[in-house]
Amino acid sequence: MIALYLAGRSWAHRLPAGLKLLVLAVASVLAFPIDTVFPLLVLLSIAVGLFASLGKPGLNKLVIIRRFAPFLIVIILFHWAIGTAGLGIIVALRLLALVLLASFVTLTTRMDDMMAAIRPIFRPLTYFGLSDRRLALALALMIRFIPVLLGVLDNLDEAYRARSGKAGRWRIFAPFAIQALRLSDHVGEAISARGGADGLPDGQRIDRILGK
Amino acid sequence: MTSDRHLVLIALFAALIAALGLVPAFQVPFLGGVPITAQTLGVMLAGVILGPVRGALAVLLLLFGVALGLPLLAGGRGGLGVFQSPSVGFLIGWPIAAFVTGLIMQKMADANVLVSSIVAAAFGGIIVLYAFGVPGLAIMLKTPLWETFIGAMIYVPGDMIKVVLTGLITQTIARGYPSALLTRRS
């Protein structure tokens with residue numbers, strides 16, 4: 001799995017994650033009531049400028065714009081259909097600028113730092129017995145499960161193809177659900193056998209699990 | 001210990017929602033090619049099978065991964081950008097939809113599994129989810145609420161398919177692996 005983080009040592013990478021999140025939050029709140037084109041164009045230029053400040057790898061990441069373009073076109077068309085085309089352009093500009101700003105924060109912040117910065121939001125979950133360690137383990141398990149699930153799905157589809165010559169599609173949903181649940185029970189037992197989620201050795205960094 | 005098992009199940013369903021966004025075969029082309037992601041199917045299943053609290057936790061775990069910068073949403077989207085995008089209302093609605101779905105499933109413990117999971121998924125995964133998603137769209141896009149609501153209706157047929165699939169899959173699990181159906185254990 002490719003994380004959206006861009007490895008590097010730029011000025012933006014060195015800023016604390018909490019500060020970047022704070023600036024992003026303030027920018028979103030301030031940009032929200034703006035309803036004229038000019039300040040939004042300024043904001044958009046700043047966002048693009050931030051990407052440019054990372055050099056060529058940063059500029060390459062501006063493909064986000066292309067991926068987002070169809071949504072923007074639909075938004076403008078929708079506004080045009082209900083007779084507020086001008087507002088549609090303003091909304092599209094603001095969305096693009098804010099999405100770029102937020103992506104910039106993701107691009108320049110390591111997952112560990114982001115996790116440390118976001119963690120306080122999840123503190124209420126300790127009510128349900130979710131300690132920091134459990135959260136980290138659950139996150140690692142989720143990341144690991146994705147390719148495993150896709151593998152299970154692939155095997156079932158191949159087996160179905162071998163039997164029928166057709167793609168399995170929805171017919172493999174049921175065996176997939178049962179195999180996936182059985183798999184997760186085995187993993188749960190294995191964790192319990194090793195002393196439970198709270199007994200696992202600490203220090204499994206997420207970046208390392210991701211292979212980065 | 002059961003808490004380890006539940007932790008793994010929460011991670012499994014979070015991964016399932018992510019995987020549903022990655023498999024192109026699961027993206028149903030509907031009404032002139034508007035892609036409909038299968039990810040809400042995972043949200044419905046998390047509620048129906050894991051119950052309200054664990055179902056919501058599975059969705060929150062996924063969103064936590066997204067906020068950290070993992071491309072876990074349909075089409076490889078992720079990072080903080082998605083929380084600035086028009087669909088943020090739906091993302092906020094996801095854990096609540098899973099919670100309500102699980103709650104209804106639990107309250108209907110005596111009813112037929114297929115019927116109760118379809119009712120729970122339809123109420124939680126469509127009505128509750130749109131109650132957050134549509135106002136979210138209207139606020140983010142500055143469009144009038146009613147027109148936005150009408151526009152969002154093109155997604156409802158796809159959601160109904162997901163509701164039926166949720167019912168069928170849950171029934172299969174109830175028969176083939178009943179111990180995993182946490183909403184139905186006495």
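Reader: Is B:Met44 buried or exposed?

Author: Buried, because 34 other C-beta atoms lie within 10 Å of B:Met44, and the cut-off for buried is 20 or more.

Reader: And what is B:Met44 in contact with, leaving aside neighbours within four places in sequence?

Author: B:Met44 has contacts with B:Thr101, B:Ala121, B:Gly124, B:Gly125, B:Lys162, B:Val163 and B:Thr166. As for B:Phe83, that one is 39 residues from B:Met44 in sequence, and their C-alpha atoms are 21 Å apart in space.

Reader: Zooming out, how many helices and strands are in chain B?

Author: Chain B has 7 helices and 2 strands. Along the sequence they run α-β-β-α-α-α-α-α-α.

Reader: How much of chain B is buried?

Author: Of its 186 residues, 61% are buried. And if you take the contacts in chain B between residues at least 6 apart in sequence, 71% of them join residues at least 24 apart.

Reader: Which residues touch the most other members of the largest nonpolar core?

Author: That core has 114 residues, and the ones touching the most other members are B:Ile10, B:Ala11, B:Phe13, B:Ala14, B:Ala15, B:Ala58 and B:Leu61. Take B:Phe13: setting aside residues up to four places away in sequence, B:Phe13 touches B:Gly42, B:Leu45, B:Ala46, B:Leu50 and B:Ala58.

Reader: New topic. How many residues of chain B are in contact with chain A?

Author: 49 residues of chain B are in contact with 54 residues of chain A. On the chain B side, the elements giving two or more residues are α1 (2-22), α3 (52-68), α6 (145-152) and α7 (156-176). The most come from α1(B), with 15 residues.

Reader: What classes of residue are on that side of chain B?

Author: The side of chain B that touches chain A has 33 nonpolar, 12 polar and 4 charged residues.

Reader: Over to chain A, then. Which residues are buried in its helix α7?

Author: In α7 of chain A, residues 111-118, the buried ones are A:Met111, A:Met114, A:Met115 and A:Ala117. Looking down the axis of α7(A), the buried residues fall within an arc of 165°, so they line one face of the helix.

Reader: What about A:Leu156, where is that?

Author: A:Leu156 is in helix α8 of chain A, residues 132-164. A:Leu156 counts as partly exposed, because it has 18 C-beta neighbours inside 10 Å. Not counting residues up to four places away in sequence, A:Leu156 touches A:Gly168, A:Ile172, A:Pro175 and A:Phe176.

Reader: Back in chain B, what's the phi of B:Lys142?

Author: Near 55°, a positive value in a residue other than glycine. Most residues other than glycine have a negative phi. B:Lys142 is in the loop between α5 (113-141) and α6 of chain B.

Reader: Last one: where is confidence lowest in chain A?

Author: In helix α10 of chain A, residues 206-209, where the mean pLDDT is 44. Confidence is highest in helix α3 of chain A, residues 37-52, at 93. Over residues 202-212 of chain A the pLDDT is below 50. Where pLDDT is low, the predicted coordinates should not be read in detail.

Key. Residues numbered from 1 in each chain as written. Chains lettered and ligands numbered in written order. Predicted model: local features only at pLDDT ≥ 70, side-chain atom pairs only at ≥ 80, totals over all residues. Helix = DSSP H or I, 4+ residues; strand = E, 2+ residues; numbered from the N terminus. Buried ≥ 20, exposed ≤ 12 C-beta atoms within 10 Å, placed from the backbone. Contact = placed C-beta atoms within 7 Å. Nonpolar A, V, L, I, M, F, W, Y, C, P; charged D, E, K, R; others polar. Arc of directions from axis to C-beta. Core = buried A, V, L, I, M, F, W, Y, C linked by C-beta atoms within 7 Å. pLDDT = per-residue confidence, 0-100.
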